[in-house]
Amino acid sequence: MGSSVIDRSRSATISWRALGTSVVLRVTDGSAAGVARTAVERELAAIDRACSRFRPDSELMRLNARAGRPTRVGPVLLEALELALRAARLTDGDVDPTVGRALELIGYDRDWHQLEPAPPIASPLPAPRTAARIEARMHEGWRTVRLDRETATVTLRRGVRVDLGATAKAWAADRGAAAAARAGDCGSLVAVGGDVATAGPPPAAGWPIRVTDDHRDDGDGDGLAQVVVIFSGGLATSSTTVRRWKHAGRAHHHIIDPRSGLSARAEWRTVSVACADCADANIASTAAIIRGRAAIGWLTELGLPARLVAENGHTTELAGWPEP
Amino acid sequence: MRLGHHSTHTRDAALGQLSRMNRWLVAGSVLLTAVFTDVAAHAFPGKSAHASARGRSTSSSTSQGGSSSTTPTPLKPPSQPPSGEASSEAPPGVAAPRSGESQASPAPSQESSGSSGESSGAPAEAPAQESHAAPEAPSASESHQSHESSPQAAEPAQEASPPVVSGGS
């Protein structure tokens, strides 16, 4: 039996794919790995059903299709939307869930694995195409989303498309880690596409995390990777060097500046932030990419430990982030 | 004379009519401007240059984008900032690592020096005695599972787990 090789004194790590990306679960109690994984899978499946922009049967697809009319949504999507709007408010609109239409306009209208890949480098982005920019701006605006908590009803303005890519994965990691810790009665770490959340008692030596450009990177990330240790909370990394594609002969990446409706012109190739939870960390890291140099003052003022990697590889550590 | 008198009356009447039409046109223009302004204000809401990123409080359960029903919780820093791998210290309430544990982890400079010959995502500093793929994964065949020695139960050299990667996705 499998149980004969499971030892409570050993931690366990499991990885699989979900939400279109990789998932890593680590628990401090190896005997709890099975129930912890089941708990995480349940959370991720619920979030996928509610929040996917590419599943025809997802609640989000239905909400987007009914833009202009009040739509009742389930508790998972409602909470995801509240988090996305909170992100927009906290960043003064830099992290905006209504960039779905802008993403479609620059070609991100299907699972990104089906898109023509662009080189994984932070090359200069194209000049904004006026028509696309204007159309995107016409349809965007997190302030226009009406959300009624009591009736669980959401109304999008006609033409608006919501995309929860900037917050949902990190939120999924938070929920997954909490569920795993509860189910397994142990410490847990869940990484969803490189966004890391922890819950429960940590290992004595903490959770070691390698921050780098690409969450699929096993090496030293062109010499720019760094290993840090956290004991609680979450750590998220946003990067313009991954999830890049070509559309109409131009290169794009997935971090959209809502003010232009186009991929952000990044001063930073990669930003990592640690927070009390992974969702907050991801909000901060995404906003930092969009804010450019202004992110230094913003993150410092908020006291969020962060590491910002410039295009030329120079790193800036803030608010207690360890020096390499 | 009669014709001239009639002509004057006709002219005055026409001028009076024009004057009334002008007044209606001005009033209509003002009204239309107000209507269009209201429509545009609702369709394209602006925001103050000094708009707070923290939102505003109201008593309604309905929120419309920024004018939320509740003040959003600010972004919260971690209880303890990340530490460099070699100098990691357990926070209060967590069993402090034994002295050998720090030694089991290489210095950060070693981390970024590259790790040739890695396989299965484990970096070079991963403990050599770490056992992989002990039990079967609970479900999906694409998954893989590994067990590492617990910090509480094993020798220092066995204690460190390979880092989990945080990167863009």
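Author: Let us begin with burial. A residue is buried if 20 or more other C-beta atoms lie within 10 Å of its own, exposed if 12 or fewer, and partly exposed in between, with the C-beta atoms placed from the backbone. By that rule A:A319 counts as partly exposed, because it has 17 C-beta neighbours inside 10 Å. Please keep in mind that this is a predicted model, in which local features need pLDDT of at least 70, side-chain atom pairs count only at pLDDT 80 or more, and totals for chains, interfaces and linings use all residues. Residues are numbered from 1 along each chain as its sequence is written, while chains are lettered from A and ligands numbered from 1 in the order in which they are written.

Reader: Where is A:A319 found, and what is its phi?

Author: Helices (H or I, at least four residues) and strands (E, at least two) are DSSP runs, numbered from the N terminus. A:A319 belongs to the segment after strand 18 (315-318) of chain A. Its phi is positive, about 50°, although A:A319 is not a glycine. A:D92 also has a positive phi, near 55°, and is a residue other than glycine. A:D92 sits in the loop between helix 3 and helix 4 (100-105) of chain A, and it is partly exposed because 18 other C-beta atoms lie within 10 Å.

Reader: How many helices and strands does chain A have, and what share of its residues is buried?

Author: Chain A comes to eight helices and 18 strands. Of its 324 residues, 62% count as buried. For contacts, the rule is that two residues touch if their C-beta atoms, placed from the backbone, lie within 7 Å. Among contacts in chain A between residues at least 6 apart in sequence, 64% join residues at least 24 apart.

Reader: Which residues does A:L156 contact, leaving aside its neighbours within four places in sequence?

Author: They are A:L63, A:A67, A:V145 and A:V162. A:L156 lies in the loop between strand 6 (153-155) and helix 6 of chain A, and it counts as buried because 27 other C-beta atoms are within 10 Å. A:L156 and A:A65 are 91 residues apart in sequence, yet their C-alpha atoms are 9.6 Å apart in space.

Reader: How is the length of a helix judged, and what span should helix 6 of chain A have?

Author: The expected span is 1.5 Å times one less than the number of residues. Helix 6 of chain A (residues 168-184) has 17 residues and should therefore span 24 Å, which agrees with the 24 Å between its end C-alpha atoms. Helix 6 of chain A is mostly covered, with 15 of its 17 residues buried. Helix 1 of chain A, with 19 residues, reaches 26 Å from first C-alpha to last, close to the expected 27 Å. Its buried residues include A:A33, A:V40, A:L44 and A:I47. A:A45, also in helix 1 (residues 33-51) of chain A, counts as exposed because it has 12 C-beta neighbours inside 10 Å. A:A45 and A:L19 are 26 residues apart in sequence and 8.1 Å apart in space, C-alpha to C-alpha.

Reader: How is the packing of two helices described, and at what angle do the axes of helix 1 and helix 3 of chain A cross?

Author: Two packed helices are described by the angle between their axes and the distance between the axes. Axes are lines fitted to C-alpha atoms, for helices over the stretch in contact, and angles run from 0 to 180 degrees between N-to-C directions. The axes of helix 1 and helix 3 (residues 75-90) of chain A come within 9 Å and cross at roughly 75°. Angles under 35 degrees count as roughly parallel, over 145 as roughly antiparallel, 65 to 115 as roughly perpendicular and the rest as oblique. Helix 1 and helix 3 of chain A are therefore roughly perpendicular to each other. Helix 1 of chain A contributes A:A46, A:I47, A:A50 and A:C51 to the contact, and helix 3 of chain A contributes A:V76, A:L77 and A:A80.

Reader: What average pLDDT does chain B have?

Author: The pLDDT is the predictor's confidence in each residue, from 0 to 100. Chain B averages 58, and 34% of its residues score at least 70. Over residues 92-142 of chain B the pLDDT is below 50, and this stretch has 97 contacts in the model beyond near neighbours in sequence. Where pLDDT is low, the predicted coordinates should not be read in detail.
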